[in-house]
Amino acid sequence: MGGVDERPFPPGTYDVVVVGSGPGGLQVAYSLAQAGIDRCAVISRDDRPGGMFRRFPVYQRLISWTKPDAPVARGTREYEWYDHNSLLGDVESHQALTPLFMDRVLDLPARVEMESALAEFAARGGVQVRYGCEWDSTRIDSGGFALVTSDGEYRCRVCVFALGMTEAWRPPIPGLDAAPHYVETGSPERYEGRRVFIVGKRNSGFEIAQGLLPWAKTLVLASPRPVDTAVLAFSPLRLRYLQPFDEHVRGGSGSTVVDASIERVERHAGGYRIRARGTTWKGELTFEADEVIAATGFQAPLRDLPSLGVATVNDGRLPAQTPYWESVSVPGIFFAGNVTQASSGLRKHGASSSSSSVHGFRYNARLVAQRIAETVFGKRRERRALERDDVVGFLAGELARAPELWNQKAHLARVVAVDSAAGIRDEGIVPLAEFVDRDEGDACAVAVEYDAGGAIVPALYVRHDGRLSEHVLPPHPLHAFDGDDYREELGTRLDALLA
Amino acid sequence: MEAQSASVVETLASLSLFGDLSYPELEAVAHTFEEEAFAKDQRVLRQDVSGGSFYVILSGEARVVIDSEERAVLTRGDFFGEISVLTDTAPTADVVASTVLRCLVVPAHDLKPLLLGRPSVAYRMLQIEARRLRMANTWAG
């Protein structure tokens with residue numbers, strides 16, 4: 001080839017370096033530009049945008065909805081609730097791009113449709129990426145970081161890692177190394193008439209199981225953790241769990257779901273022998289299988305970050321993060337994309353965030369960009385002034401329709417600050433944990449949450465004279481949280497704060 | 001530097017609360033509940049905020065704070081949040097990380113099945129609560 005390298009962002013000094021070109025990387029890069037960070041380099045080892053969606057899910061269908069037609073118009077903020085897969089544009093032509101590519105076979109996009117929408121977002125949103133540039137290692141440098149890459153060294157004050165969670169992870173089970181991981185699963189036809197043993201009962205295990213139902217002779221899914229059907233009822237994963245698990249519950253048809261600790265996987269000439277011990281029952285079982293698939297999950301490819309002091313959770317698979325998705329142990333290192341699931345917020349009634357999916361983490365990425373712009377580079381966002389009489393109506397409308405609150409229940413909140421000098425200001429969307437844990441300033445926040453029984457409820461938090469109070473309001477059959485009763489309740493609870 | 005050699009299962013095995021569980025049972029616990037890490041000075045449990053969980057400290061140190069006053073220090077193997085979960089009321093104290101803190105998090109609705117399904121954990125918990133109560137009575141007296 002030769003000639004001039006026309007790729008953007010040559011090695012050098014930048015304000016921010018973003019690593020990754022999946023949905024998390026694209027969203028944070030876009031939002032950093034919108035927040036006024038001009039000197040931001042985006043690098044990726046891939047050759048095109050899309051991240052994990054260039055390959056996964058293996059069986060080519062997402063599990064989160066996009067409704068090409070919805071009660072609200074495409075391109076509006078409210079439409080984001082009906083479209084869980086598009087990235088967030090700040091102008092209409094960058095918004096709601098996924099439905100443009102959907103063939104409407106289902107209201108769940110196919111993998112290739114998702115990939116096309118992400119590429120379209122990068123093109124329309126002007127998100128440039130230096131592709132083919134692999135991050136190798138990291139140093140803490142005077143006042144920032146140095147990232148050593150295949151193209152040379154990048155220096156920056158802040159880095160954002162949007163690495164995805166696509167590196168195969170296997171628990172230390174003797175012999176499991178001999179079995180292919182989920183990422184190496186072949187086409188379903190390859191398993192025709194085979195006895196398949198799947199280690200793992202989470203998303204990827206059930207995805208494979210569902211794909212193999214028409215092909216395999218027998219299917220066994222085994223892992224220590226029982227399937228919690230109560231939790232499943234609230235999870236988008238039930239789409240995949242439903243069929244294999246249902247067949248097991250009804251007594252088989254060749255599909256078996258077992259709660260067992262896998263003690264060892266033995267390879268022999270005729271296939272595999274798997275020895276397992278019950279976790280929710282007492283006893284041992286031995287299985288014979290032609291194929292074993294390790295659907296044991298993924299880890300973020302963190303490279304040398306742990307040796308820099310970046311704390312991790314889940315046996316080193318994810319970086320531990322603050323409510324604003326910054327490393328809990330190395331300030332200046334932020335994260336975007338599905339690794340932000342490790343920042344679990346208040347976890348009220350055990351509910352996890354939606355940060356493992358695009359519809360959740362796209363908001364985290366926008367907030368992390370705003371946070372970096374404000375706290376590191378002093379680019380303060382405008383806070384819209386509100387009239388006292390408008391506050392209740394504004395908050396009720398947010399509770400009924402704000403996509404941030406609906407997509408990230410009990411995790412993101414709308415905050416209104418009340419200051420005797422500055423007046424009443426809309427502070428925008430803020431992580432709920434961050435609001436609750438602030439110790440100063442009169443303010444209120446609203447969030448959409450689940451109550452202990454799993455009903456969707458609106459919640460109001462009021463901080464007044466240094467004291468925080470929480471008010472969980474009742475559910476509504478249509479979730480119409482902007483009705484008169486709710487306004488009245490909000491008005492009563494906010495009376496003292498707004499006086 | 002982050003020292004992180006032991007797996008979650010190995011760490012659980014070394015805590016008195018789970019001392020009577022077999023390895024497969026420990027694996028089931030470790031796979032069922034999530035590990036969470038908190039930055040120094042980050043809040044884990046919040047006074048007067050409902051819907052909290054039960055936490056077991058895997059590593060690090062935390063402080064119990066009531067109305068801005070520090071009342072106790074918690075370390076590896078200690079647990080908190082159970083009173084709030086068992087009585088279905090909001091916590092009466094903040095628990096704040098004093099170092100980078102790792103915890104096993106058991107959501108409220110999972111605590112009862114955990115304790116009923118593994119009575120040895122319930123018994124160990126009761127023993128520890130009894131010791132705490134005696135300590136509190138001693139102080140009060």
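**View 1. The contact between chain B and chain A in the predicted model.** The contact takes in 32 residues of chain B and 34 residues of chain A, two residues being in contact if their C-beta atoms, placed from the backbone, lie within 7 Å. On the side of chain B that touches chain A, two or more residues come from each of helix H2 (23–32), strand E1 (34–38), strand E8 (101–106) and helix H4 (108–117) of chain B, and H2(B) gives the largest share, 7 residues. Helices (H or I, at least four residues) and strands (E, at least two) are DSSP runs, numbered from the N terminus.

This is a predicted model, in which local features need pLDDT of at least 70 and side-chain atom pairs count only at pLDDT 80 or more, whereas totals for chains, interfaces and linings use all residues. Residues are numbered from 1 along each chain as its sequence is written, and chains are lettered from A and ligands numbered from 1 in the order in which they are written.

View 2. Leaving aside residues up to four places away in sequence, Ile372(A) touches Val16(A), Leu32(A), Ile37(A), Val158(A), Phe334(A) and Phe377(A).

**View 3. Ile372(A) and Ser31(A) within the fold of chain A.** These two residues are 341 residues apart along the chain, and their C-alpha atoms are separated by 10 Å. Chain A contains 10 helices and 23 strands, and buried residues make up 47% of its 499 residues.

Note on methods. A residue is buried if 20 or more other C-beta atoms lie within 10 Å of its own, exposed if 12 or fewer, and partly exposed in between; C-beta atoms are placed from the backbone.
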